[in-house]
Amino acid sequence: MKVNRIGYGAAQLDKLRDDRAAAVALVRRAVELGVDHLDTAQFYGHGFANEVIREALRPGEDVLVATKVGATPVTGGRFPLRLAQRPEELRADVEHNLRSLGTERLALVNLRRTDGGPGVRASGDQVVDLDDQLAVLTALRDEGKIGAIGLSAVTLDVVRRALPAGIACVQNAYSLVARDDEDVLALCLAEGISFVPFYPLGGDFPGMPKVTDEPAVHAAATALGVTASQVGLAWLLHHAPNVLLIPGTSKVAHLVANLAAGQITFDAATAAALDAVPSRSSQVLFA
């Protein structure tokens with residue numbers, strides 16, 4: 001599967017829940033601008049993102065829609081979702097994604113685990129062995145309901161263990177200022193696996209560093225006449241050739257700016273200054 005290196009992440013589409021037409025128009029505009037890789041999940045807005053994508057895409061368009069399983073939406077509580085890691089829950093989530101996206105086959109399904117990076121950690125019956133999870137996903141692949149399998153929020157050991165199953169991509173929290181998973185990125189590069197960072201500009205949660213807080217990033221942005229966010233995205237693309245980006249937004253102007261980051265180049269001095277930015281841990285857990 002070949003896609004352009006900057007796609008679109010649909011998590012923020014729910015901000016447009018009260019203006020469905022604007023949400024559909026945003027996805028259409030992304031496709032018109034060359035985006036051929038959309039990242040979504042049934043638990044984004046209780047299915048709203050999937051429904052918008054289904055409405056926005058036209059028959060025959062060559063757009064890869066990647067989804068993920070491992071959580072399910074809930075109403076109330078601090079977070080709008082709960083973990084759903086058991087094999088029967090993963091199968092049910094695949095079926096939910098198939099229905100809401102209106103397709104008979106999901107091109108790529110990412111297994112969202114809780115092994116590393118910021119977020120919650122599994123407990124109780126949600127602590128499920130990787131082999132049991134891969135067994136149901138490979139069965140779904142054999143049934144033709146899944147095209148390819150990816151991993152999300154995983155450690156180096158988990159990626160190594162999963163390699164025999166055939167892994168298309170790894171989605172982990174990673175940015176210029178939070179490079180905990182450099183070893184995972186290196187393994188993916190060696191194995192020909194795409195690495196798809198989430199929180200590519202850092203996070204908005206307390207304790208998570210932000211790319212746009214870095215003086216070196218602002219210096220580069222000023223010199224190049226671009227934004228600090230664009231510098232952060234461009235650095236990821238330059239850092240490794242197997243990096244794919246899925247920045248999300250609910251605004252067309254931000255979408256255009258994110259895609260323009262793919263045209264930014266750095267001279268040697270700027271690249272060295274950005275590479276020298278210290279990495280801080282992003283291992284923030286949410287209670």
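This is a predicted model: local features need pLDDT of at least 70, side-chain atom pairs count only at pLDDT 80 or more; totals for chains, interfaces and linings use all residues.

User: Is F205 buried or exposed, or does it fall in between?

Analyst: The relative accessible area of F205 is 31%. Buried means under 20% and exposed means over 50%. Because 31% lies between these cut-offs, F205 is classed as partly exposed.

User: Which residues are in contact with Q85, leaving aside its neighbours within four places in sequence?

Analyst: Q85 sits in the loop between β5 (81-83) and α3, and at 2% relative accessibility it counts as buried. With the neighbours within four places set aside, the residues in contact with Q85 are G70, L90, R112, R113, Q126, V128 and Q133.

User: How far apart in space are Q85 and Q133, C-alpha to C-alpha?

Analyst: Q133 is among the residues in contact with Q85. The two are 48 residues apart in sequence. In space, their C-alpha atoms are 7.7 Å apart.

User: Which residues does L101 contact, leaving aside its neighbours within four places in sequence?

Analyst: L101 lies in helix α3 (residues 87-101). Its relative accessible area is 11%, so it is buried. Beyond the neighbours within four places, L101 is in contact with N50, I53, R54, V65 and L106.

User: What is the separation of the C-alpha atoms of L101 and L237?

Analyst: L101 and L237 are 136 residues apart along the chain. Their C-alpha atoms are separated by 29 Å.

User: How many aromatic pairs are there, and what is the geometry of the one formed by F43 and Y44?

Analyst: With ring centres required to lie within 6.5 Å, the count comes to four aromatic pairs. In the pair of F43 and Y44, the centres are 5.4 Å apart and the planes make an angle of 90°. F43 and Y44 are both buried. Because planes over 60 degrees apart count as edge-to-face, the geometry of the F43 and Y44 pair is edge-to-face.

User: What is the geometry of the aromatic pair of Y174 and W235?

Analyst: The ring centres of Y174 and W235 are 6.5 Å apart, with 20° between the planes. As planes under 30 degrees apart count as stacked, this pair is stacked.

User: Where do the members of this pair lie, and how many residues apart are they?

Analyst: Y174 is in the loop between β8 (167-173) and α6 (182-191), and W235 is in helix α8 (residues 228-239). Both Y174 and W235 are buried. The pair links distant parts of the chain, its members being 61 residues apart.

User: Which residues do ring pairs link into a cluster?

Analyst: Y174 and W235 form an aromatic pair. The cluster linked by ring pairs consists of Y174, F195 and W235.

User: Why does the radius of gyration of the chain agree with a compact globule?

Analyst: The chain has ten helices and nine strands, and its C-alpha atoms fill a box of roughly 50 × 40 × 40 Å along the principal axes. For 287 residues, a compact globule would have a radius of gyration near 19 Å, which agrees with the value for the chain, 18 Å.

User: What share of contacts with a separation of 6 or more is made by residues 24 or more positions apart?

Analyst: Of the 287 residues, 52% count as buried. Among contacts with a separation of 6 or more, the share from residues 24 or more positions apart is 75%.

How values were computed:
Residues are numbered from 1 along each chain as its sequence is written. Side-chain values use heavy atoms; hydrogens and water are left out. Rings of Phe, Tyr and Trp (its six-membered ring) pair if their centres lie within 6.5 Å; planes under 30 degrees apart count as stacked, over 60 as edge-to-face and the rest as tilted. Buried means under 20% relative accessible area, exposed over 50%, partly exposed in between (1.4 Å probe, protein chains only). Helices (H or I, at least four residues) and strands (E, at least two) are DSSP runs, numbered from the N terminus. The radius of gyration is taken over C-alpha atoms; the globule rule is 2.2 Å times the number of residues to the power 0.38. Contact means heavy atoms within 4.5 Å.
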